[in-house]
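Keep the structure in view while reading.

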Amino acid sequence: NMSGYLIAQINIINEEPYKEYIKQTSTIVKKYEGEFIVRGGNFKNVLGNWNYARTVIIKFPSYKTALNWYHSDEYKPVRKIREENSEGNVIIIEGN
């Protein structure tokens, strides 16, 4: 069974609400058996353009679980906090 990964590139616009987003997200991710593989951290852009200060990778037990988490009733209002206080790209992708 393939795992599911959320990969996000983020630029935070409003720090305070974003901190609240981080706090609330952790609990919901845990409920869906997600694990933060990357959550910010130092990085070096070695090729091309990576115009985002923050990268997040979350591993879920399956692709379906990752999608279920993203579209869940619990996460929706929390996701709104991120959407209103940051900009970026988010994908959900299958992997090992």
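T55 is found in strand β3, in a model that is predicted. At 14% relative accessibility, T55 is buried, because the limit for that class is under 20% relative accessible area. Its side chain makes a polar contact of 3.2 Å with the side chain of W50. When residues up to four places away in sequence are not counted, T55 touches A8, V38, R39, G40 and W50.

The strand that holds T55, β3, spans residues 54-60 and supplies at least two residues to the lining of the largest cavity. How many cavities of 30 Å³ or more does the structure hold? There is one. The volume of the largest cavity is about 140 Å³. Its lining is made up of 17 residues, and those nearest its centre are L6, Y18, Y21, V56 and R82. By class, 13 of the lining residues are nonpolar, one is polar and three are charged. Besides β3, the elements that each give at least two lining residues are β1 (3-12), α1 (15-31), β2 (35-39), α2 and α3 (75-85). The largest share, four residues, comes from α1.

One of the residues nearest the cavity centre, R82, is found in helix α3. Is R82 buried or exposed? With a relative accessible area of 9%, R82 is buried; the cut-off that matters here is under 20%. Not counting residues up to four places away in sequence, R82 touches I10, Y18, Y21, Y70, Y75 and V90. Two of these partners, Y18 and Y21, are also among the residues nearest the centre of the cavity. R82 and W50 are 32 residues apart along the chain, and their C-alpha atoms are separated by 20 Å. W50 is the residue whose side chain has the polar contact with T55.

Which residues does N85 contact when neighbours within four places in sequence are left aside? They are I12, I13, N14, P17 and Y18. With one of them, N14, the contact includes a polar one of 2.9 Å between the side chains. N85 and P17 are 68 residues apart in sequence, yet their C-alpha atoms are 6.8 Å apart in space. For E20 and N85, the separation is 65 residues in sequence and 11 Å from C-alpha to C-alpha. E20 lies in helix α1 and is partly exposed, at 30% relative accessibility.

Helix α2 covers residues 63-70 and includes T65. The buried residues of α2 are T65, A66, W69 and Y70. Seen down the axis of α2, these residues fall within an arc of 135 degrees, so they line one face of the helix. They pack against β1, α1, β3, α3 and β4 (86-95). The side chain of T65 joins that of S62 in a polar contact of 2.7 Å. Neighbours within four places in sequence aside, T65 is in contact with Y32 and F60.

The last stop is the loop between α1 and β2, where E33 is placed. At 62% relative accessibility, E33 is exposed, because that class begins over 50%. For context, most residues other than glycine have a negative phi.

Note on methods. Residues are numbered from 1 along each chain as its sequence is written. This is a predicted model: local features need pLDDT of at least 70, side-chain atom pairs count only at pLDDT 80 or more; totals for chains, interfaces and linings use all residues. Side-chain values use heavy atoms; hydrogens and water are left out. A polar contact is a pair of N or O atoms within 3.5 Å; within protein, one must be able to donate a hydrogen and the other to accept it, and residues adjacent in sequence count only if both atoms are side-chain atoms. Contact means heavy atoms within 4.5 Å. On a 1 Å grid over the protein atoms alone, a cavity is a set of points where a 1.4 Å probe fits but cannot get out, and a pocket is an open set with protein on both sides within 12 Å along at least five of seven lines; lining residues have an atom within 4 Å of a point. Grid points are joined across faces, edges and corners, and a volume is the space filled by probe spheres set on the points. Ala, Val, Leu, Ile, Met, Phe, Trp, Tyr, Cys and Pro count as nonpolar, Asp, Glu, Lys and Arg as charged, and the others, Gly among them, as polar. Buried means under 20% relative accessible area, exposed over 50%, partly exposed in between (1.4 Å probe, protein chains only). The arc is that of the directions from the helix axis to the C-beta atoms.
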